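Below are some notes for a colleague opening this entry for the first time. Please read them with the model on screen.

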Amino acid sequence: MNQSHAKKTNRRPARSQKTQRVSRRKKSYKRSGIFSKILSVLCTLLLIGLITGTIVGAAFALYLHSFVNISVDDILLLSTGQDMTTQLYYTEYTDRANRIGESKPMEDQNLSAIENRVWVSYNDIPKNLVNAFIAIEDKRFESHHGVDWIRTLSATANFFMPGGKSYGGSTITQQVIKNVTGYDDVTIQRKVQEIFMALNLEKKLDKSEILEIYLNTIYLSQRSYGVQAAAKTYFGKDVSELTLVECAAIASITQAPTKWDPIQHPENNQDRRRAVLTQMYEQHKITEEEYRTAYDEELVLYKGKDSSTASTSYNSWYTDQVINDSIELLVQQLGVSETVATSMIYTGGLRIYTLIDPVIQERLENVFKDENNFPSVAGSMQPKCSMVVIDPYTGDVLALVGDRGEKTGDRIQSYATKTKRSPGSSIKPLSIYAPALEEGVINYASVYDDRPVNYGDDNATPWPSNAPNVYGGLTTIHDAITRSVNTVSVRVLMELGVETSFDYVKNKLHMDSFILSEETQSGYVISDMNYSGLALGGMSYGVTVLEMTAAYSMFVNGGVYHKPRTVLKIEDYNGNIIADNKAESNAVISETTSIIMTRMMEKVVSTGTAASSIKLDSQINVAGKTGTTNDDIDKWFIGYTPYYVGGVWFGYEWNKTLTGFPAASAAIVWNTAMTAIHEPILNEINEGKAEKQYFPYGKDIVTAEYCRYSGKLVTEACKADMRGNAVETGYFTVSNIPTDKCDCHVLLDICKETGSVAREECPSTEKIGFITVNRDDIPEDVDVKIGDASYVYHGGSYCSKHSGAVVGVGSQSR
């Protein structure tokens, strides 16, 4: 009973069927509501995702359109016209200034891929070489569409993993993009651009065309671009003749050219090429027997010149520069990479119209091939020498030679256009005297005190020194130019200002080699905007002969600078102009300044530092300036006639003193070359077929007498100077002609018997002019001799600072 009761009381009351149905409906509604909420959330998330994806996609598309160039047009240029020869032209001008003349081909200066070994057809590349590159660089090359997504994602993930090493994810197609465009900056934008360009490229070129471009543009150390150049460099044979082990050796180089170079690091290359062979075997590109044989095969490198294929004739120095300038033009005006531009030059069938004068070029080359035309010292190594000749009225580079002797290769180091050397005093007319004359700081007769400007931190080291190491005292500007006086150029720069001087050479004369500020690899900051670079020509790196010669052209051309050009224009093989090298010019100084500067530099040739070396001035007007750097390392002469401007550099390949060589070695070479160049002109003049040209005088130029020790109007004291008559005649404009009388001379009664200032008891006297100059700030213990010290009177007043003289600046011994 109790148990039965217990069971009865614990049992729930039975529910009616209606109640159960209602309950099930409620549960169903409840589940339905949950599902509805979940579906709503999912729909919302999906909608957000779609909207976000649309926005991101649109933003990415806008990004690609606005900031990423995925065009492959320039790369496609490499896949066409590879066998076409480029022709160079010169013009026989009847009027060079107005470009009137007949263009003719330079028959011996054609440029072609075969001759220059730049490009090789895919069909001539051995299959083993193709497979070697694919095996080690891009094993899925034949199956992907430009991008190996597996490798790209793996490389990306590995880059972001802690401790992960970075390795390349670029396919061969992507490497083509990088090699051809020159894009190598490590940015997301660049990588995105590379990926889309690779995808685009594979739609337009087939695999063999892409491989042809790749194998002809990769860098393979030893200055070898492309597999043909590498085959010649390392094995002395055509690429089609390479063996399996040689193919593996070349394919080994590309990732780290210096590290895997078989000449520089043969052990490294052996390890790498064995890895290449292993990959080729594992990817079933070679048999086991081929693998084992090549794995242990010794690599035999090429030791000498291949006489069967070597060319015995090279491009002229001028043609080398035409190639360099044409590449630069195509890069600038077509927006292509240097690689594409180079390929266009050698294989695109272009027509390049040069500005060479073949007669002048031939004469210049003949002079430079004859060793008898160069100064020599018994037992000494022969220095290098280079020269550039320019038409000053157009900026046309008429001729150039990059080194003395026979040319030994194509596009080798040119000491005329590539090498930079400090110009020494030859920079002074450009950086100091012409700007100072133009800015009204000096005139022809201005006088500065030739003595040290300072004595260094120890107050005992005179600076600057002269060559020779003497100081002359009061010196006119024209005499300072004639004798190349360093102290005067420094003093003029102190008044002109380094910023003004730098602006002239850097911006007005476009001498880009002048450095405003640059940090070296060792962390030092260098600059040429200082006294050393501007007043003395001691630059950080230096300038080229081409830059110097072009800058001097303004002195012949009324103060107008023309940018030097070797190329007039470039046409494609259909005759369409694809690069137009238009003339660029700007006025740097006035015509009157250029005329007065020329008058002063004529004295350099007639009585100055170049007088004993220049003989051409006996037949025609010649002006110019010598230059020598510290320790006699570099020698320069930049000179000009009414017809041409020529610049010569003479020195060793590295910084080495030119012991025993004449001070004016460069001027000697200049005279020989320019005499040969002017010979046809002089013959026509002597035969009465042409009138001789002269340097212009100028209607705004006037002459006037002045005192050579003050730069002012002559007084009786000037005429009575004990060194002789101090009166000189100079060239001026109305605005800078001297107007004040000399106040640097004092006329004293000198006793003839004693040679001292006369006293009342002196029986016989004479009037003698002495100079007065304040040098009281000289350190007592510094022994610096001044040439005019014996002619200085220390009583009375001193010379005043005026437009003609600047005295009392710096220190000097008494």
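1. C751 is buried, since its relative accessible area is 4%, under the 20% cut-off. The model is a predicted one, and the points below should be read with that in mind. C762 is buried as well, with a relative accessible area of 15%.

2. These two cysteines, C751 and C762, form a disulfide, with 2.2 Å between their sulfur atoms. The link is right-handed, at 90° about the S-S bond. C751 sits in strand β19 (residues 745-751), while C762 belongs to the loop between β19 and β20 (765-771); eleven residues separate the pair. A search of the whole structure gives one disulfide.

3. C718 is buried, at 0% relative accessible area. C247 also counts as buried, with a relative accessibility of 0%.

4. An open sheet contains five strands in the order β5-β4-β16-β15-β14, and the pairing is antiparallel. Its edges are β5 (397-401) and β14 (623-628), each of which pairs on one side only. From one strand to the next, the twist averages 10°.

5. Within this sheet, β4 (residues 384-390) and β16 (residues 645-651) are joined in the antiparallel sense by seven bridges. The bridge partner of C385 is F650, in β16. Helix α23 (residues 591-606) lies across β14 and β15 (634-640), and runs at about 60° to β14.

6. Helices α16 (residues 358-369) and α24 (residues 665-686) have axes that come within 9 Å and cross at roughly 145°. The crossing of α16 and α24 is right-handed. On the α16 side, the contact is made by I360, R363, L364, V367 and F368; on the α24 side, by V669, T672, A673, A676, I677, E679 and P680. By type, the residues of this contact are nine nonpolar, one polar and two charged.

7. Is G335 buried or exposed? G335 counts as exposed, because its relative accessibility is 57% and the cut-off is over 50%. This glycine lies in the loop between α14 (317-334) and α15 (338-347). G335 and T181 are 154 residues apart in sequence, and their C-alpha atoms are 9.5 Å apart in space.

Technical notes:
Residues are numbered from 1 along each chain as its sequence is written. This is a predicted model: local features need pLDDT of at least 70, side-chain atom pairs count only at pLDDT 80 or more; totals for chains, interfaces and linings use all residues. Side-chain values use heavy atoms; hydrogens and water are left out. Two strands pair if DSSP finds at least two bridges between them. Helices (H or I, at least four residues) and strands (E, at least two) are DSSP runs, numbered from the N terminus. Axes are lines fitted to C-alpha atoms, for helices over the stretch in contact, and angles run from 0 to 180 degrees between N-to-C directions. Contact means heavy atoms within 4.5 Å. Buried means under 20% relative accessible area, exposed over 50%, partly exposed in between (1.4 Å probe, protein chains only). A crossing is left-handed if the near helix is turned anticlockwise from the far one by less than a right angle, and right-handed if clockwise. Ala, Val, Leu, Ile, Met, Phe, Trp, Tyr, Cys and Pro count as nonpolar, Asp, Glu, Lys and Arg as charged, and the others, Gly among them, as polar. A disulfide is a pair of cysteine sulfur atoms within 2.5 Å.
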